[in-house]
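Welcome to this short tour! Open your viewer, get ready to select a few residues, and follow along stop by stop.

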Amino acid sequence: MQETSIVTSRLSREERAARRKKRREKLLQELDSSIPSPCTSVCQMDDLTQLCIGCHRTIDEIRDWVIMTGDEKKDLLESINQRRTGMVA
């Protein structure tokens, strides 16, 4: 860790900024934001089903939305549609 700190401290402000920008860009490429969240801003958990009464997601699904892949989000949206129509509790 000490060695990394020494190398980082030798970089110019512009070089450090460029490294941060590159890390951010890589992170954004990994996160899929092309599918909008199903959140309806009616955030209240149903005690019986443990689903949000607005978007029909579990607390874990709500938390994990931002780190899901596009395919995972599509699968979850299909599950939500089934929950809404009563096919799956």
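Helices here are DSSP runs (H or I) of at least four residues, numbered from the N terminus. Keep in mind that you are looking at a predicted model.

**Stop 1: helix α4.** Select residues 70-84, which form α4. Just after α4, click on G86, which takes a positive phi of about 85°.

Stop 2: Which residues of α4 are buried? Colour G70, K73, L76, I80 and R83 to see them. They cover an arc of only 130° around the axis, so they sit on the same side of α4. Now turn to the other side of α4, where D71, K74 and D75 are exposed. Part of what covers the buried residues is α3.

**Stop 3: I80.** Zoom in on I80 in α4. Its relative accessibility is 1%, and because buried means under 20%, I80 counts as buried. Beyond residues up to four places away in sequence, I80 touches P38, C55, H56 and R57.

**Stop 4: E61.** Move on to helix α3, residues 59-64, and pick E61. Is E61 buried or exposed? At 15% relative accessibility, E61 counts as buried. The side chain of E61 makes a polar contact with the side chain of R83, at 2.8 Å. A polar atom of the E61 side chain also lies 2.8 Å from the backbone nitrogen of T58. Leaving aside neighbours within four places in sequence, the contacts of E61 include H56, M68 and L76.

Technical notes: Residues numbered from 1 in each chain as written. Predicted model: local features only at pLDDT ≥ 70, side-chain atom pairs only at ≥ 80, totals over all residues. Heavy atoms only, no water. Helix = DSSP H or I, 4+ residues; strand = E, 2+ residues; numbered from the N terminus. Buried < 20%, exposed > 50% of the residue type's maximum accessible area, 1.4 Å probe, protein only. Contact = heavy atoms within 4.5 Å. Polar contact = N/O pair within 3.5 Å; in protein donor to acceptor, adjacent residues only side chain to side chain. Arc of directions from axis to C-beta.
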